[in-house]
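Here's a quick briefing to read with the model open beside you.

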Amino acid sequence: MEIKKQHIVLKTEQLSIGYKSKKEETVIASNINIELQQGELVGLVGANGIGKSTLLRTLTKVQQPLSGHISMDSKSIDSFSNLELAKSLSLVLTEHSFSKNLTVFELIALGRQPYTNWIGNLTEDDKTVVSRVMEDTSIKELQHKKCFELSDGQLQKVMIARALAQDTALIILDEPTTHLDMYHKAYILNLLKTLANKTNKTILFSSHEIDLAIQLCNKLIVMSNSEVISGTPKELINMGSFDTLFPKDLIVFDNDSGSFKVKK
Amino acid sequence: MQETKTYKKQFVILSLVLLVFFFANISLGSVSIPLKSIFGSIFGNNIENNSWQYIIQDYRLPKAFTAILVGSGLGISGLLMQTLFKNPLAGPFVLGISSGASLGVALVIMGASTFGGFLSTILVSQWSLVIAASIGSFLVLLAVVMVSVRVRDTMAILIIGLMFGSITAAIVSVLSYFTSAEQLQQYIFWGFGSLGNLSWSELGVLSLVYLIGLLISIYAIKQLNTLLLGENYAKSLGLDIKKSRLIIIVATSLLAGTITAFAGPIAFIGLAIPHLTRQVFKTSNHKVLLPAVFLYGAIVMLICDSIAQLPMSDYTLPINAITSIVGAPVVIWLLIRQRKMMF
């Protein structure tokens with residue numbers, strides 16, 4: 001266990017998330033207190049519809065919190081301009097509505113946009129960054145391919161490389177393992193782990209791969225109906241947090257193997 | 001974005017092709033003029049035949065320049081629309097932008113008569129046509145954008161564009177019911193589309209507004225490239241989506257609006273040219289596409305105009321018929337090859 005106090009990249013205090021309409025507030029989760037430290041791989045798990053996406057949307061300033069406070073690098077995220085936020089936080093989304101006519105290199109290079117000049121010319125530095133992130137994600141040989149030629153797994157690596165090229169302290173991924181086979185699910189999450197270690201960036205992702213997340217993450221955020229708690233996988237297992245995730249009629253959490261088993 | 005390939009060779013070849021078609025366009029027409037006299041006239045030497053001089057300098061030359069502006073301008077506005085709406089079938093004609101401009105022009109030409117003689121002389125000036133057409137296309141475009149924010153389906157946006165087109169067409173027909181035959185005729189001739197009716201001073205007005213639209217488009221290149229990632233990614237890269245959208249809409253309205261005001265609603269060029277360009281250049285990078293679309297648009301329009309002149313005959317076909325004959329098959333071909341339909 002690391003003792004030394006690391007730099008805190010993202011912190012929420014008494015955060016309450018949900019939707020506000022003119023008449024009423026719909027609270028999805030409240031009393032969320034999380035701290036993400038530099039170089040940590042953090043998994044966000046919870047059942048469908050529990051509010052994982054809402055939490056991520058709130059953390060990325062797409063949606064306003066109902067109450068509470070979010071800070072990045074000890075500054076409130078409200079004080080960030082669009083461009084400042086783009087230099088501190090990058091995203092990998094589930095939507096794939098971008099132009100597939102782009103080459104892998106072009107798409108990753110778009111991650112450098114917050115740093116390029118008015119017409120978007122790449123400097124030598126930008127090109128070095130793009131080339132480095134392609135090596136980090138081992139997609140160098142794909143660089144001249146068009147995105148429509150790629151498999152789902154390759155495309156996910158490209159999107160991760162694009163986020164890396166944005167060179168931010170925090171990368172947030174929304175369900176990066178959907179549509180992937182078992183091997184590629186493990187591959188992508190393991191890649192995130194390696195990247196967090198190597199680049200010292202904080203990586204937060206939401207996922208349904210609870211057993212993989214338990215094995216790979218430094219920290220997990222578990223969302224259940226009653227509360228949102230975070231801790232190391234070991235702490236959470238000991239606290240029995242995973243038992244509260246799902247209704248207990250079909251699957252139960254097995255503390256020894258760290259995974260869910262179907263009831264027999 | 002970096003050009004992973006260099007496109008220098010293609011650009012040089014295209015520029016030469018443009019030059020060739022420019023001169024070919026000037027030398028073709030109902031009166032055959034020897035090539036030597038044509039060059040002589042263009043480069044300022046006095047040539048022996050005065051009527052030739054007149055034909056070249058006051059008819060064919062402005063017409064060729066108009067063709068270049070119209071083709072490139074419509075092509076670029078089509079490119080901007082296809083990226084903004086993330087829809088390969090978007091274009092100034094399809095989205096009802098040309099109809100918006102038509103409505104503006106119709107209001108000026110036909111509506112002016114209802115205000116009486118004094119106002120009509122003020123209203124039907126070059127600038128009022130330009131302003132009315134640009135405002136008309138801007139308003140229609142704004143309406144389409146506003147609807148498209150709510151309706152995410154890309155095909156629905158096209159249908160909405162068509163509906164706006166129908167509404168404006170309906171208003172135009174109501175207007176034409178109350179207008180005099182003369183003005184109706186003026187409007188209908190305008191609707192056929194024509195590149196040859198511009199005087200040098202009108203061409204000056206067109207060029208000026210065109211240039212502003214073009215400069216704004218160049219300024220928007222980086223934003224257009226960011227938008228290729230989709231709005232959510234673009235936002236995460238620090239792009240102010242609302243501002244970019246407005247910039248792109250203004251550029252499109254200026255380009256498509258003025259061109260429509262002067263040359264009539266010209267179909268399919270704005271839709272087909274960006275696709276032809278992507279087929280050849282195989283990139284979505286606007287830094288390459290914008291100049292390439294400029295060249296292709298200009299070349300194709302010069303060719304269409306040369307065909308419309310029906311060389312060696314006295315007839316001139318409406319330019320709109322020619323662009324539709326060229327453009328409509330391109331759209332059908334694109335629809336059949338769905339997979340290649342990318343923005």
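How many bridges join β7(A) to strand β8 of chain A, and do the two run parallel or antiparallel? There are 4 bridges, and the strands run parallel. Keep in mind that this is a predicted model.

**The strand pair in chain A**
- β7(A) covers residues 89-92, while β8(A) spans residues 170-173.
- If you want one pairing to click on, take Ser90(A), whose bridge partner in β8(A) is Ile171(A).
- Leu89(A) and Leu91(A) point one way from β7(A), with Ser90(A) and Val92(A) pointing the other way.

**A helix crossing in chain B**
- Helix α3(B) (residues 50-84) and helix α13(B) (residues 269-281) have axes that come within 7 Å and cross at roughly 75°.
- Angles of 65 to 115 degrees count as roughly perpendicular, so that's how α3(B) and α13(B) sit relative to each other.
- On the α3(B) side, the contact is made by Gly71(B), Leu74(B), Gly75(B), Ser77(B), Gly78(B), Leu79(B) and Gln82(B).
- α13(B) brings Ile269(B), Gly270(B), Leu271(B), Ile273(B) and Pro274(B).
- By type, the contact splits into 6 nonpolar and 6 polar residues, with no charged ones.

**Where chain B meets chain A**
- 22 residues of chain B are in contact with 27 residues of chain A.
- On the chain B side, α10 (221-227) and α11 (231-236) are the elements giving two or more residues.
- α10(B) provides the largest share, 4 residues.
- That chain B side divides into 8 nonpolar, 10 polar and 4 charged residues.

Terms used:
Residues numbered from 1 in each chain as written. Chains lettered and ligands numbered in written order. Predicted model: local features only at pLDDT ≥ 70, side-chain atom pairs only at ≥ 80, totals over all residues. Buried ≥ 20, exposed ≤ 12 C-beta atoms within 10 Å, placed from the backbone. Pairing = 2+ DSSP bridges. Axes fitted to C-alpha atoms, helices over the stretch in contact; angles between N-to-C directions. Parallel < 35°, antiparallel > 145°, perpendicular 65-115°, else oblique. Contact = placed C-beta atoms within 7 Å. Nonpolar A, V, L, I, M, F, W, Y, C, P; charged D, E, K, R; others polar.
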